[in-house]
Amino acid sequence: MLRIRNLESGYGSLKVLRGVTIHINSGEIVTIIGANGSGKTTLLETITGIVRPRAGEILYKKRNISGMPPERIVALGCSLVPEGRQVFATMTVHENLVIGAYTRSSGPDRENVPEDLESVYALFPILKERNRQLAGTLSGGEQQMLAIGRSLMARPGLIMLDEPSMGLAPIIVKHIFEIIIQLRSRGNTILLVEQNAKAALGIADRGYVMETGSIVLEGTARELLDNHDVQRAYLGKDYKSIGE
Amino acid sequence: MSPDNIVQYLISGITAGSIYAIVAIGFNIIYNTTGIINFAQGEFLMLGGMISITLAQFMPLPAAILAAVIITAGVGFLIELVFIRWIDSPSVLRMIIITIGLSIVIREAALHIWDEKVRALPYFTGNEITSIEILGARFSPQVLWVLGTCAIIVIILNIFYYYTLTGKSMRACAANRTAASLCGINIKNMVSLSFTLSAAIGALAGCVISPITQTQYDCGATLAIKGFTAAIFGGLGSSTGAIVAGLLIGVIEAASISIIPLAYKDAITLTLLLGILFFRPGGIFGSREAAALKEY
Ligand SMILES: Nc1ncnc2c1ncn2[C@@H]1O[C@H](COP(=O)(O)OP(=O)(O)OP(=O)(O)O)[C@@H](O)[C@H]1O
Ligand SMILES: [Mg+2]
């Protein structure tokens, strides 16, 4: 579904991605884990066209989307739930979701928008309760749900989530991760970027480990969970507990 | 001051104030989608007035006004296309220089096209001596045209912003530009639209005030300063703020005439502007929470 080869990008004179190669098959949950500043957000922003790639190629459904602007990429079905939610704070929950379906507003698919709105409300009943409230007044967890719901309104083939668990209580994180599993069972493909490596590898099929702009390790979620380096660096286990 | 006088001052203050409010709304439309102040906003009013005055010699007044609005909107669109669109990440200073430069160019062009004569559109109803009585004070019916037009502009803008998808998309751009483009909104097109829209509104305002205030190639600058003061006073980006602040400035100005010489009228607004910038740069409605909401 998504195939990235030797991708390089950065900001100004700062080179962040140094030849990233990853792929995601249709129907998979793939996770990318890595320390702060390793370039995970930059990778997602480069895929969605917010940051311009400098080299390499990005194929989405066999089509080269490298260098396209964000609005065209999302119209092709590649949608990002950005880090820090980025909901439209001064607009209502309902309006946020309607804007989420913007790409479909001029096509024949627009008839299905009300139906999708209902299905997002079914997935997140709290959003339905709050649908007239300004998004900026929602709690962090509710904003995360709204950001996911808004992304779903575009009917994306691939959903990329950038640290959905950031700053949320464990019980909300659990709920969000259950939703992600549910999305996959509804036919979505998911790329999940997380600091919370344990939770992410718990639901993922495969994973990549990123360090200073490169992929240093890849494998199935099981392999990564069992890997000593991963355990030490990202799962918070020290040598002793690994030895036991 | 007799009661009649108070009504007189109040109504002329509200009339001037509603124009300031419309200019301020023009500033806000562009500020909200781009984060920049378009210092050429006053020139849109001048262009609307001048073009309609010229066209009114060849066609009925309503047609001339409509054509002037459309032509000025086209100018706004072209300005964005030629001078703003290609700038990738505009710095505030750069945009200030560009828009001030544009205002000078438009003014000079107007001087060449029309010369420096003061002109005016004919009164929409009656002529300069027709008057109507409101609460004992006498007014030109044009005052009602101005007030009505401003009210209609505000109502239509609100319907546009809150009930149409394009309007909502413009608000989404204002709230969070990156997120808006992630939802599939073409930001550059929204910026073009905001320039077109604010030029059109400016031109319409320029037409309705022309019979009262008259139009000259350089009349945009004063209007822009008044409107800018209203926009800052009301809190940049807030249309409710713009309306309240615009009316307030109009009334303060009108009242000041009865106390200090007429020549100082414009100084009042400038003093107000400096005062606000010093003591309350967020404006009367620019509360902390609203500012925080807007960023996140
Ligand atoms: N807009 C920007 N301008 C300049 N440098 C940036 C920008 N955004 C990120 N960087 C730099 O790029 C590098 C990678 O940042 P990035 O946000 O991609 O990391 P990350 O893996 O998402 O980190 P985190 O887990 O903290 O979110 C960092 O060194 C950061 O300082
Ligand atoms: Mg990040």
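**Loops and helices in chains A and B**

Biologist: In which loop of chain A is the place of A:Thr212?
Modeller: The model is a predicted one, and A:Thr212 has a phi near 35 degrees, which is a positive value in a residue other than glycine. Its place in chain A is the loop between strand 9 (206-211) and strand 10 (214-220).

Biologist: Is A:Thr212 buried or exposed?
Modeller: A residue counts as exposed when its relative accessible area is over 50%. The relative accessible area of A:Thr212 is 60%, so this residue is exposed.

Biologist: And is A:Thr92 buried or exposed?
Modeller: This threonine is in the loop between strand 6 (78-81) and helix 3 (93-100) of chain A, and, leaving aside residues up to four places away in sequence, A:Thr92 touches A:Asn131, A:Arg132, A:Gln133, A:Leu134 and A:Ala135. Buried means a relative accessible area under 20%. The value for A:Thr92 is 14%, and so A:Thr92 is buried.

Biologist: What is the radius of gyration of chain B?
Modeller: For 296 residues the globule rule gives 19 Å, and chain B comes close to that value, so it is as compact as a globular protein of that length. Along the principal axes, the C-alpha atoms fill a box of roughly 60 × 45 × 35 Å. The radius of gyration of chain B is 19 Å.

Biologist: How far apart are the end C-alpha atoms of helix 2 of chain B?
Modeller: Helix 2 (residues 41-55) has 15 residues, and at 1.5 Å a residue these should span 21 Å. The computed distance agrees with this, because the end C-alpha atoms are apart by 22 Å.

Biologist: How many of the 15 residues of helix 2 of chain B are buried?
Modeller: Across chain B, 48% of the 296 residues count as buried. Helix 2 is largely enclosed by the rest of the structure, because, of its 15 residues, the number that are buried is 14.

Technical notes: Residues numbered from 1 in each chain as written. Chains lettered and ligands numbered in written order. Predicted model: local features only at pLDDT ≥ 70, side-chain atom pairs only at ≥ 80, totals over all residues. Heavy atoms only, no water. Rg over C-alpha atoms; globule rule 2.2 N^0.38 Å. Buried < 20%, exposed > 50% of the residue type's maximum accessible area, 1.4 Å probe, protein only. Helix = DSSP H or I, 4+ residues; strand = E, 2+ residues; numbered from the N terminus. Expected span 1.5 Å × (residues − 1). Contact = heavy atoms within 4.5 Å.
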